Amino acid sequence: MSNYEIVKREDFSDVTYLLEIRHPMMARAARPGQFVIVMLSEHGERVPLTIADFDREKGTVTLVIQAVGKTTRQMQRECQAGAFLYGLVGPMGIPTPPSHARKVICVGGGLGVAPVYPQAKALKEGGAYVIGVIGFRGKDLVFWEDKFRAICDEFIICSDDGSVGLHGRVTAGIEAALKKHSDVDEVIAIGPPIMMKSCADTTRPYKIKTMVSLNPIMVDGTGMCGGCRVKVGDEVKFACVDGPDFDGHRVDFDDLTMRLRRHSREERMALEHWEKGCRMQKSIDRAVGAAAGK
Amino acid sequence: MPEQAPTARAKNFEEVASGYRLDDALRESERCLLCPDQPCVSGCPVGIDIPGFIRGVNERDLRGAYDILTRTSLLPAICGRVCPQENQCEGRCTVGQTLEPVAIGRLERFVGDAAIQQGWANVPHIEPNGFKVGIVGSGPAGMACAADMAKAGCEVTVYEAFHQAGGVLKYGIPDFRLPNPVVDAEIANLKKLGVRFECNTLVGRLFTLEQMIGEMGFDAVFVGVGAGYPTMLGIPGDSANGVLSANELLTRCNLMRGRDFPDFDTPQPIGRRVAVVGAGNTAMDAMRVSLRLGAEKVYCIYRRSRKEAPARAEEIHHAEEEGVEFHWLTHPVAVLDDGSGNVKGLRCVRMELGEPDGSGRRRPAPVAGSEFDFECDLVVYAIGTNANPIMGQTSRLRLNKRGYIDTDERLATSMAGVFAGGDIVTGAATVIKAMGAGRQAAAGMKAYLGIRDGDRPYDAGEDTVFGIDASERNFVRIRV
């Protein structure tokens with residue numbers, strides 16, 4: 001059943017890690033902007049993750065994951081190179097349509113740096129002038145700076161604490177780029193909802209088309225449960241089949257943020273339950289080890 | 001049929017009806033008149049030889065009864081449980097004109113369960129014909145089509161987007177109505193016919209229908225992806241936390257086993273007071289699941305009256321017995337939230353019935369000034385589904401204006417070699433109708449591929465000029 005082998009694992013920080021998974025068919029089908037759903041085990045939940053990169057020759061897709069909840073922490077512990085995932089389905093969602101923009105700012109905030117990369121790469125390959133703006137909380141969390149530098153015509157890195165690059169949030173980077181270039185056609189911003197909201201607010205006075213990629217709570221990812229519904233303008237859209245890319249100036253981010261919190265109690269419970277299990281396992285291992293030592 | 005007491009069963013996920021014992025089945029089969037008209041057979045979407053299998057039961061030849069059933073229906077344990085028999089076979093039963101109709105569904109289930117227990121499977125001798133058939137969606141339509149095509153000798157692969165096969169039988173219908181092991185047993189029977197199941201495969205996105213017909217070498221493809229896309233009411237407060245579709249509630253509970261959270265990772269929203277909007281079979285499932293998840297109060301909110309409710313009478317009866325409170329002629333106008341985004345209650349308006357509308361049911365209209373609020377912390381919408389857009393987004397298939405796939409009477413689509421059936425063609429319907437569509441599409445597919453349909457010539461009747469001799473059949477049923 002499980003034939004989704006993890007071929008590479010890389011740790012960017014204490015909480016951020018990269019998995020490269022073998023799935024030649026998916027590597028062939030994947031387009032920038034799409035996502036996958038991962039199941040770690042038979043008892044697991046379905047976790048939507050945006051595709052960070054894909055390699056058609058090697059037949060792999062790359063995911064960058066932040067260990068925040070129970071499943072992502074368990075994955076951090078268990079998903080080493082050579083391990084297998086129970087389920088991997090995708091690519092899901094509508095690929096980002098080919099853009100005719102000539103000059104684009106690609107903004108990645110935190111983990112959002114990963115999914116904005118394939119979009120920046122595709123734009124560059126399409127001949128656009130790409131300005132990369134990526135932001136992290138601090139120096140320790142930085143990843144893929146070199147990957148971005150290699151494909152961007154201009155590159156700005158920001159940090160909340162000033163430990164690297166521009167001191168400030170990505171919106172400061174966007175402002176700086178917009179000051180220098182008056183002919184930016186499009187901004188693509190991916191990151192936490194609050195970051196995408198402030199990016200949309202920043203570009204609104206300039207009337208620059210701003211696309212964001214939403215990652216609400218989902219179950220199936222195929223348009224069946226409606227859990228991922230978001231308000232875009234005066235319409236309700238399902239992020240999984242109508243998105244995940246939407247016009248950032250029309251997305252109701254407050255609604256999105258509120259809906260993302262709807263299982264926070266259960267999420268805490270799951271984490272505690274799992275950690276308790278881990279601690280028990282550890283003490284069992286210790287006891288067994290001690291007994292064997294005698 | 002022996003049933004769990006309502007108060008006990010409303011707290012567990014065990015099957016409501018435990019099924020006939022042999023003596024129950026014998027007694028019931030005795031009631032069949034074996035009348036020559038066989039109105040029941042014409043009421044069955046797949047035309048099961050109902051008197052034939054009942055006679056088998058009556059003669060204690062369960063294996064024989066199973067053989068007769070599997071000639072036409074391949075999933076008796078499922079159909080016996082979930083078909084709306086009162087509108088089909090039982091609704092036309094001659095006995096039913098004066099007395100209770102013969103409990104055909106229960107007898108079918110009895111035989112189906114016996115087969116699962118005994119491990120019977122009718123695997124015909126299959127002569128491979130070299131054709132490759134792809135099935136998109138492993139629900140009832142796909143399963144039925146897969147079975148027919150496999151029996152005809154095709155190499156059949158079924159693709160499923162979820163991690164388990166079964167479609168709505170797995171994610172939608174709860175265990176107390178249709179236990180998942182029964183679905184698995186029927187899927188195992190399909191595997192014995194040589195059908196391959198590929199889960200975690202989202203057709204349209206991982207590869208397209210065009211690729212299947214082209215580079216992947218499928219000679220024919222059946223699309224049975226279901227309707228799925230749930231309708232929201234579009235009233236203020238729709239996006240509050242605690243408002244969800246019945247699909248989401250049921251999928252979390254049934255397929256993802258959220259009811260066993262945190263041993264399973266998927267969280268299950270649990271309400272103390274749950275309001276379910278709608279009165280179809282899915283609504284009944286959502287209500288009865290909510291009770292079993294521990295809700296104190298479950299309300300059914302429906303804008304028409306009981307008479308117009310689309311659910312099976314038996315389902316409404318079961319829900320009522322278990323303590324669901326029905327509010328007929330009531331329609332929600334707003335979801336009330338507690339100020340931090342969680343559901344606090346529902347504002348409803350009373351309705352009255354006016355003139356009949358297009359569906360022949362009396363059209364409900366709100367009564368002015370009849371608004372009232374009541375308290376609840378979970379609101380579940382079970383008001384129907386729309387067409388899932390993925391197939392339309394990713395292929396050249398012609399859709400109708402409601403977004404469903406356009407087909408001709410043989411269920412062929414606008415793409416050569418691609419057939420479609422079930423909810424994605426008709427809109428939300430029943431399991432047995434989807435199975436019927438799967439079989440109809442299989443017949444169309446065989447004609448398209450030029451495969452002689454083993455079922456048809458032999459039943460052609462006396463006036464067939466070019467009758468085909470039984471020894472020439474291209475498959476022979478054997479027992480294993």
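**View 1. Three domains make up the division of chain B.** Here chain B is split into domain 1 (6-118), domain 2 (132-228 + 386-449) and domain 3 (270-383), with bounds from an automatic or database domain assignment. This is a predicted model, in which local features need pLDDT of at least 70 and side-chain atom pairs count only at pLDDT 80 or more, while totals for chains, interfaces and linings use all residues. Residues are numbered from 1 along each chain as its sequence is written, and side-chain values use heavy atoms, with hydrogens and water left out.

**View 2. Domain 1 of chain B meets domain 2 of chain B.** Their C-alpha centres lie 26 Å apart. The contact (heavy atoms within 4.5 Å) draws 22 residues from domain 1 of chain B and 23 residues from domain 2 of chain B.

**View 3. Now for the buried area between domain 1 and domain 2 of chain B.** The two bury about 1,900 Å², 74% of it on carbon and sulfur atoms; this is the accessible area (1.4 Å probe) that two parts lose on being put together, summed over both. Leu74(B), Ile78(B) and Val82(B) supply 30% of what domain 1 of chain B buries here, more than any other three residues.

**View 4. Helices H5 (62-72) and H6 (76-82) of chain B face domain 2 of chain B.** Each supplies at least two residues of the touching side of domain 1 of chain B; helices are DSSP runs (H or I, at least four residues), numbered from the N terminus. The largest share, six residues, comes from H6(B).

How values were computed:
Chains are lettered from A and ligands numbered from 1 in the order in which they are written.
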